[in-house]
Amino acid sequence: MALFTGSWLDCGMVRIVGTHQLDSHTTYLIEVTVGSITWIVKHRYSQFETLHEQLVALHQINKNSFPTKRYFDNRNSRLVIERRQYELESYLQSVLRLLRSVPISLRIFLEFHCYEINSLSEFLAETLYDCGEDFLSRDSLFISTPLQLHAITRRIRLEKPSFGDSADPRLDVGHILDFLVRLKRMKVIGCHGNVGTTNLPTTDLTFDVSLCKCIKFVHFHISPPSIIKNIYTISSSLQTLKFSQSVSSINEIFGSIILSNSVKPYLWNNLENLDLNDNLIE
């Protein structure tokens, strides 16, 4: 998963790799690379304009640095589109070189909050800051993904403050930790193949569930046991464990789940229901 270390020049790259035409509108396909992880973002010209306005207002980017609308005659011709693609790519690259870091407006535009560890964790922290207490009080089912849990697992291991690079208390990952410790019901929904528009296989997204100390119900959908770490640590509280479209053999359950501790088998004294119905088990 992508981890942005603070300097774009050290670990990032962005380029526009193509366009998509629908009716009279052109969407630009932006390839974002952070480290070894690459993903595609889609934006129209008007969204580039909005980004530029934000950067001018908040980060003193030159107002005249943005490619102007020209070529009013035959604006959808291939030549015009290719020219604008080149100009928009040059604009993004020059802004990133100038700023060196990636401000919040640009992170959102490039969808860091979907694929980058720090931004994804901060996005979830802010969400839980706003509605986490209400969610827990209603004992609602928390829907997550392997990507999200993988990001949290890696973020808490980083040698940096829980509030990261921001002074905003809403972005403190401590909100996530507090929420997971008290959470009782969770469903993890994975996917086949790569994650979203990235080059990242879902099978690489291992995650740790040991923070879920009060969990009673957990459902893993398209999430094989091999990517779930330390599940034995929730054996004392878990009452229902469900896998769907995740398991191909009973050995996966007994090898990765029941006997997952190398020292001794953990006792699942409170486990009332192990649901494996929606799986192709050999």
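Which residue in β2 is the bridge partner of M13? In this predicted model, in which local features need pLDDT of at least 70, side-chain atom pairs count only at pLDDT 80 or more and totals for chains, interfaces and linings use all residues, that partner is T33. Residues are numbered from 1 along each chain as its sequence is written, and side-chain values use heavy atoms, with hydrogens and water left out.

The protein chain has nine helices and ten strands, where helices (H or I, at least four residues) and strands (E, at least two) are DSSP runs numbered from the N terminus. Of its 282 residues, 46% count as buried, a term that stands for under 20% relative accessible area, calculated with a 1.4 Å probe on protein chains only. Among contacts (heavy atoms within 4.5 Å) between residues at least 6 apart in sequence, 63% join residues at least 24 apart.

Strands of a sheet pair through backbone hydrogen bonds, either parallel or antiparallel. Here, two strands are taken to pair if DSSP finds at least two bridges between them. The antiparallel arrangement is found in an open sheet of three strands, with the order β1-β2-β3. In this sheet β1 (12-22) and β3 (37-44) stand at the edges, and because each has a single partner strand, one side of each is left without a neighbour in the sheet. Neighbouring strands of the sheet are turned by 25° against each other on average, direction ignored. The pairing of β1 with strand β2 (residues 25-34) is antiparallel and extends over ten bridges.

Helix α2 (residues 45-59) touches β1, β2 and β3, and its direction makes about 100° with that of β3. Helix α3 (residues 78-99) touches β1 and β2, and its direction makes about 155° with that of β1.

The helices α2 and α3 also pack with each other, at an angle of about 25° and with their axes 12 Å apart. This angle makes α2 roughly parallel to α3, a description that applies to angles under 35 degrees, whereas angles of 65 to 115 count as roughly perpendicular. On the α2 side, Y45, F48, L51, H52, L55 and H59 meet R84, L88, Y91, L92, V95 and L99 in α3. The residues of this contact divide into nine nonpolar, two polar and one charged, where Ala, Val, Leu, Ile, Met, Phe, Trp, Tyr, Cys and Pro count as nonpolar, Asp, Glu, Lys and Arg as charged, and the others, Gly among them, as polar.

Another helix pair is formed by α6 (residues 117-137) and α7 (residues 146-155), which pack at an angle of about 105° with their axes 9 Å apart. That angle makes α6 roughly perpendicular to α7. In this contact I117, N118, L120, S121 and L124 of α6 meet L147, Q148, A151, I152, R154 and R155 of α7, and the residues divide into six nonpolar, three polar and two charged.

An open sheet with parallel pairing is made of five strands in the order β4-β5-β7-β9-β10. Its edge strands, β4 (142-144) and β10 (273-275), each pair on one side only, and the twist averages 10° from one strand to the next. Within this sheet, strand β7 (residues 217-221) and strand β9 (residues 240-244) run parallel and are joined by five bridges, and F220 stands opposite F243 in β9.

Methods. Axes are lines fitted to C-alpha atoms, for helices over the stretch in contact, and angles run from 0 to 180 degrees between N-to-C directions. Angles under 35 degrees count as roughly parallel, over 145 as roughly antiparallel, 65 to 115 as roughly perpendicular and the rest as oblique. Buried means under 20% relative accessible area, exposed over 50%, partly exposed in between (1.4 Å probe, protein chains only).
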